[in-house]
Amino acid sequence: MGKKFDRAYGALTAEKQVMSDTCKALILQDLQRKLGEYFQLSGEAELDIKAEGGVCKVTLSFEAERIKHFQVL
């Protein structure tokens, strides 16, 4: 039973991680750079990606001290 449990646990754990930490860090870096164009960020943004019901649920959280002034073309 130990090997079956290990295999099942490994499969469940692999499914929970939608993408590698490296890919997630690259996406977060790009998002943070873009957010910085519109907001004066007061810290690091956080990105959470989870697979739920066959789709990815993406949550982006950040705090900003102010919204920067910009013109709409």
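1. **A nonpolar patch on the surface.** Let me start with Tyr 38, Ile 67, Phe 70 and Val 72, which form a nonpolar surface patch with about 450 Å² of accessible area together. Patches here are made of residues with over 30% relative accessible area and no salt bridge, with like charges joined within 9 Å and nonpolar side chains (Val, Leu, Ile, Met, Phe, Trp, Tyr) within 5 Å. The areas come from the Shrake-Rupley method with a 1.4 Å probe, and for residues only the protein chains shown count as cover.

2. **What kind of model this is.** Please keep in mind that this is a predicted model, in which local features need pLDDT of at least 70 and side-chain atom pairs count only at pLDDT 80 or more, while totals for chains, interfaces and linings use all residues. Residues are numbered from 1 along each chain as its sequence is written, and side-chain values use heavy atoms, with hydrogens and water left out.

3. **The overall layout.** The protein has two helices and four strands, in the order α-α-β-β-β-β from the N terminus on. Helices (H or I, at least four residues) and strands (E, at least two) are DSSP runs, numbered from the N terminus. Of the 73 residues, 10% count as buried; buried means under 20% relative accessible area, exposed over 50%, and partly exposed in between (1.4 Å probe, protein chains only). Among contacts (heavy atoms within 4.5 Å) between residues at least 6 apart in sequence, 40% join residues at least 24 apart.

4. A search of the whole structure finds two aromatic pairs. Why is the pair of Tyr 38 and Phe 70 edge-to-face? The ring centres of Tyr 38 and Phe 70 are 5.1 Å apart and the planes stand at 85°, so the pair belongs to that class. The rule takes rings of Phe, Tyr and Trp (its six-membered ring) with centres within 6.5 Å; planes under 30 degrees apart are stacked, over 60 edge-to-face, and the rest tilted. Tyr 38 lies in helix α2 and Phe 70 in the segment after β4 (64–67), so the pair ties together parts that are 32 residues apart in sequence. From C-alpha to C-alpha, Phe 70 and Tyr 38 are 7.5 Å apart in space. Tyr 38 counts as partly exposed because its relative accessibility is 35%, and Phe 70 is also partly exposed, at 48%.

5. **The nonpolar core.** The largest nonpolar core has five residues: Leu 28, Leu 35, Ala 45, Leu 47 and Ile 49. Such a core is a set of buried Ala, Val, Leu, Ile, Met, Phe, Trp, Tyr and Cys residues joined through side-chain atoms within 4.5 Å. Both α2 and β2 (46–52) supply at least two residues of this core. Leu 35 is worth a look: leaving aside its neighbours within four places in sequence, Leu 35 is in contact with Leu 41, Ala 45, Leu 60 and Phe 62.

6. Arg 33 and Asp 30 meet at 2.7 Å, N to O; both lie in helix α2, three residues apart, about one turn of the helix. Lys 34 and Glu 37 meet at 3.1 Å, N to O, and these two are likewise separated by about one turn, being three residues apart in helix α2. Asp 30 is partly exposed at 46%, as are Lys 34 at 44% and Glu 37 at 43%.

7. **Lys 50 and its surroundings.** Asp 48 forms a salt bridge with Lys 50, the closest N and O atoms being 3.7 Å apart. Asp 48 is partly exposed, with a relative accessible area of 31%, and Lys 50 is partly exposed at 42%. Lys 50 sits in strand β2. Not counting residues up to four places away in sequence, Lys 50 touches Val 18, Val 55, Cys 56 and Lys 57. One of these, Val 18, is 32 residues from Lys 50 in sequence and 6.3 Å away in space, C-alpha to C-alpha.

Terms used
Salt bridge = Lys/Arg side-chain N within 4 Å of Asp/Glu carboxyl O.
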